[in-house]
Amino acid sequence: MKDQTIDYTLRATWQAVARMYNEQAKEFDSTMAVGFTLLSIDPKGGTPSTALGPKMGMEATSLSRILKSMDQKGLIRRKPNPKDGRGVLIHLTPFGLEKRNQSKAVVLQFNDVVKANVSEDKLNNFFEVMQTINSLITERKIQTNETTN
């Protein structure tokens, strides 16, 4: 194994994936963030706006900007939540559903190409390592110890 940190490899790989998705999204006059948001919205029943941020791991202000842009482009519409009068459900418009299907196809193509080039055992190991890293972070077993001078 090369002399690189796990953190560096994760960040560099994610940056490459994000760059690839953004390049492909440009072909559809979109962005990776919009595609990810489209995929996070329930295409049948809509998704409460308050649940969308945590589901995507995004801050509310960033998500608000994306939703505003998506609303202006006619990808989504907001409706009162019948189960919570104070809340809003985000629904896909027919145009939004079309763009969602395009985003889904790109993600599935990425998965298919990776699966065709990486053995099932290696993919299982990858998912196991990612799950372990997530668990270590969630359980706060990785902490930075600050040193004082």
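The exercises below, each with a worked solution, concern a predicted model.

**Exercise 1. The packing of H2 on H3**

Describe how the axes of H2 and H3 cross, the handedness of the crossing, and the residues that meet.

Solution. 
- Step 1: Two packed helices are described by the angle between their axes and the distance between the axes.
- Step 2: The axes of H2 and helix H3 (residues 49-56) cross at roughly 120 degrees and come within 10 Å.
- Step 3: The crossing of H2 past H3 is right-handed.
- Step 4: H2 contributes Phe36, Thr37 and Ser40, which meet Leu52, Lys55 and Met56 of H3. Sorted by class, this contact of H2 with H3 has 3 nonpolar, 2 polar and 1 charged residues.

**Exercise 2. The two sides of H3**

Identify the buried residues of H3, explain why they line one face of the helix, and state which residues are exposed on the other side.

Solution. 
- Step 1: Leu52, Gly53 and Met56 are the buried residues of H3.
- Step 2: Viewed down the axis of H3, these buried residues fall within an arc of 95 degrees, so they line one face of the helix.
- Step 3: On the other side of H3, the exposed residues are Thr50, Pro54 and Lys55.
- Step 4: The packing partners of the buried residues of H3 are H2, E1, helix H4 (60-72) and E3.
- Step 5: Just after H3 comes Gly57, with a positive phi of about 70 degrees.

**Exercise 3. The sheet**

State the order of the strands in the sheet, name the edge strands, and describe how E2 is joined to E3.

Solution. 
- Step 1: The sheet is open and consists of 3 strands in the order E1-E3-E2, with antiparallel pairing.
- Step 2: Strand E1 (47-48) and strand E2 (76-81) are the edge strands, as each pairs on one side only.
- Step 3: Between E2 and strand E3 (residues 84-92), which run antiparallel, there are 6 bridges. Val88 in E3 has Pro80 opposite.

Conventions:
Residues are numbered from 1 along each chain as its sequence is written. This is a predicted model: local features need pLDDT of at least 70, side-chain atom pairs count only at pLDDT 80 or more; totals for chains, interfaces and linings use all residues. Side-chain values use heavy atoms; hydrogens and water are left out. Two strands pair if DSSP finds at least two bridges between them. Helices (H or I, at least four residues) and strands (E, at least two) are DSSP runs, numbered from the N terminus. Axes are lines fitted to C-alpha atoms, for helices over the stretch in contact, and angles run from 0 to 180 degrees between N-to-C directions. A crossing is left-handed if the near helix is turned anticlockwise from the far one by less than a right angle, and right-handed if clockwise. Contact means heavy atoms within 4.5 Å. Ala, Val, Leu, Ile, Met, Phe, Trp, Tyr, Cys and Pro count as nonpolar, Asp, Glu, Lys and Arg as charged, and the others, Gly among them, as polar. Buried means under 20% relative accessible area, exposed over 50%, partly exposed in between (1.4 Å probe, protein chains only). The arc is that of the directions from the helix axis to the C-beta atoms.
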